[in-house]
Amino acid sequence: MASLTVLLRRFGKWNIESNYVDYSIEGILIKEYASYNDLGVYVELKKENREPGMYPLCITTIEKELVSGSSLIQGDIVQIDKSVQRYDSDTDDTLALDFVNSGQAIGVFELDKDLIISKTNQREVIARQIYKDKATLNEVMEHCAISQRFQFRVDRSNSVRFKASSINKSELFKVREFIDKHTCPLKDKVYEQRHASSNFIDGLIRPKLTNHKRKYTPKDIIDDVKSNLGVDVSYMLAWRAKEKAMNFLRGEPANSYKTLSGYLYTMDKTYLGSHVRMVKLPKNEFMYVYISLYTFIKGFGHCRPIVVMDGSHLKSYYTGTFVSANTLDGAASTVFNSYGVIDSESDAIWTWFFEQFKIAYGGRENMCIVSDRNESIIKYVSRVYPDVPHFACIWHLWNNIYKKFKKSHAKLSEIYFSMAKAYTQAEFDSLMEKVETVDIRVKEYLELAGYEHWARFYAHVNRGWTMTSNIVESISATLLSARELSIYDFLEEVRKMFGRWNCTNRKEATQTYTTLEKKYQEMLTLNEAMSTLMTLHTVTDRGRNYTVCLLERKCVCGRFQVDELPCPHAWAVLKSKFLMPEDYCSNYYKPNSVVMTYDVLVYSLPDRNEWNIPAHVAEEVVLPPKWKRPPGRPKKKRDKPFSELLQPKN
């Protein structure tokens, strides 16, 4: 019966004549009528070595005995002497071989029963098993030790109880002997054992940490180890295991800074026209980074020129602050203008951030900036943008009032927010009189804050409905779990999120078939319903007369010019003149403007292995900042004062 040999060519190369040369060969002897399972060893080797020149498959049959007088059996691995190979280019055979006895068999195993074990979830260890490497065998043995409640220490393979060795000095390890029966007394079996180490638990919990949004605490790890292995582990052991698993999945935090130069270069080349900048200290330590993608820069011209800014702290191994500047599109969805990471919210950093923002976006008519009354923002807005007013978030201002005047807040809450959103002087003054009646100190505090900074009626430019900094607060909340990632993973997560929102908002705008966006179409319809109760010509509403100027798009009530949407009084005039109300609405509210906001899509970056980075960029050194996260578990929430804890929830 003819023999069949699988030839494993190694470490060779292809020449210009398409011949495979300069290789060494190993052969595996199998039976003549081989099935796919009989090639299991070859398949496993090919999985581990996917290079084209490593282990190409060649099969040949020979009609004579492989080795005269030898006792080789199926599964023997033999070394083939290259000197006895004969290649005949005139025949159709790929390779014709003569075999001689070139050495002893280096390993014997039955291919139809044994497969190479590459996963560590193997629960049964028996003789003749083959493992892909020693590390896999060690981890399987640790599983076995924990499940059977015994301890072991690896000094050297013991031929009495357990013996394993490599196959021909390769990475493959074979279990030669293993006696799994234990004669030790039951009292010697332990439950808290050293094999349940942080390295061991690290391998168990990695699959549960691939999604950074999943909450998987050390307490969860303790419970899972207890239920799966029956072993008690300490909180610190679980914490260390989680840290090791996260470092394995995402890399060391310090190494993340090394990729920043290449990442920012690739982003700048992928999104042409973007404004991307990074600043380092003289010793190459990272300071801050600023990113404005071209799609944000181009879309800003189709949004209201109201920029909301805020920062939120990062919670990775190194400290920092995530800063973003955003506005609203015509559909009242968040539009991203720029974002970045800085080392702290200091005066110099805010100056640099605003300077980069001005380079990217320039200035616009009626532009304004809204923030949480950060003193650095207020100061340096006026320096970089001397003609741009700064407005305060009315919610942050109210929190200050709540802390200072605790006895009055319950009565003043509704009055304050109505006063901040008042359209007319009479409405504002009437509400302020109520505030004075309740607590004169609150009136004095609001006067010191400056009416023009928080009241819509006194604003120097039209801030519309953007009275709070909620749009940046919502971004910070969305990125809460991502802020624990290293800087590269965090910036990439931010870019992906912006890309998803960009695509979603653009899709919704293209599928809007009303004259205005949904929110403003509903408001216009509501105003039309209210207008039916008013008399025409002299617009009278519940005994009061209102003057409407269609040419200047103004009404005495103040809503027409502030909302840029026909108020009920304007509606009454438009219906009497048979005019289309949509012609008197702001272009910001129309679907076409929203589509133009997202005209440029945020395409995905190339795969990291395909980045084409110049040498001078790849060689740039970026070290992590000198400030690290304080020791201990990072806080998920800020510490609230007692007065805030007593405040009723909305």
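**Figure 1. Helices α4 and α5 in contact.** In this predicted model, helix α4, which covers residues 218–229, and helix α5, which covers residues 235–250, have axes that come within 8 Å and cross at roughly 105 degrees. The two helices, α4 and α5, are therefore roughly perpendicular to each other, since angles of 65 to 115 degrees count as roughly perpendicular. On the side of α4 the contact is made by P218, K219, I221 and I222, and on the side of α5 by Y235, A238, W239 and K242. Sorted by class, the residues in the contact of α4 with α5 are six nonpolar and two charged, with no polar residue. Two packed helices are described by the angle between their axes and the distance between the axes.

Figure 2. The largest nonpolar core holds 58 residues, and the members that touch the most other members are I291, Y339, F354, F490 and L491. Several elements each supply at least two residues of this core, among them the helices α7 (260–270), α9 (347–361), α10 (375–384) and α17 (487–510). The strands β14 (286–292), β15 (306–313), β16 (321–328) and β17 (334–342) also each supply at least two residues. The largest share of the core comes from α9, which gives eight residues. Apart from this core lies another one, of 24 residues, which includes F417, M419, V442 and A449. In soluble globular proteins, nonpolar side chains tend to be buried together.

Figure 3. Where does L491 lie? The residue L491 is part of helix α17, and at 0% relative accessibility L491 counts as buried, because buried means under 20% relative accessible area. When its neighbours within four places in sequence are left aside, L491 is in contact with L260, Y263, V289, I291, Y339 and V341.

Figure 4. Y265 is found in helix α7, and at 23% relative accessibility Y265 counts as partly exposed. Which residues does Y265 touch, not counting residues up to four places away in sequence? The residues touched by Y265 are N612, I613, P614 and V617. Between Y265 and A618 the separation in sequence is 353 residues, and the distance in space, taken from C-alpha to C-alpha, is 9.5 Å. For the protein as a whole, residues 24 or more positions apart account for 65% of the contacts with a separation of 6 or more.

**Figure 5. K174 in strand β12.** K174 has its place in strand β12, which covers residues 173–178. Is K174 buried or exposed? With a relative accessible area of 5%, K174 is buried. K174 and K163 are eleven residues apart in sequence, and their C-alpha atoms are 8.7 Å apart in space. Across the protein, which has 650 residues, buried residues make up 46%.

**Figure 6. Two loop residues with positive phi.** N366 lies in the loop between α9 and β18 (368–371), and its phi is near 60 degrees, which is a positive value in a residue other than glycine. With a relative accessibility of 46%, N366 counts as partly exposed. E564 lies in the loop between α19 (559–563) and α20 (568–576), and phi of E564 is near 55 degrees, again a positive value in a residue other than glycine. The relative accessible area of E564 is 24%, and E564 is therefore partly exposed.

**Figure 7. Confidence along the model.** The protein, with 23 helices and 23 strands, has a mean pLDDT of 76, and 72% of its residues reach 70 or more. Confidence is lowest in strand β8 (residues 96–97), where the mean is 32, and highest in strand β13 (residues 275–280), where the value is 92. Over residues 63–70 pLDDT stays under 50, and for this stretch the model has nine contacts beyond four places in sequence. Over residues 186–192 pLDDT also stays under 50, and here the model has ten contacts beyond four places in sequence.

Technical notes. Residues are numbered from 1 along each chain as its sequence is written. This is a predicted model: local features need pLDDT of at least 70, side-chain atom pairs count only at pLDDT 80 or more; totals for chains, interfaces and linings use all residues. Side-chain values use heavy atoms; hydrogens and water are left out. pLDDT is the predictor's confidence in each residue, from 0 to 100. Helices (H or I, at least four residues) and strands (E, at least two) are DSSP runs, numbered from the N terminus. Contact means heavy atoms within 4.5 Å. Axes are lines fitted to C-alpha atoms, for helices over the stretch in contact, and angles run from 0 to 180 degrees between N-to-C directions. Angles under 35 degrees count as roughly parallel, over 145 as roughly antiparallel, 65 to 115 as roughly perpendicular and the rest as oblique. Ala, Val, Leu, Ile, Met, Phe, Trp, Tyr, Cys and Pro count as nonpolar, Asp, Glu, Lys and Arg as charged, and the others, Gly among them, as polar. A nonpolar core is a set of buried Ala, Val, Leu, Ile, Met, Phe, Trp, Tyr and Cys residues joined through side-chain atoms within 4.5 Å. Buried means under 20% relative accessible area, exposed over 50%, partly exposed in between (1.4 Å probe, protein chains only).
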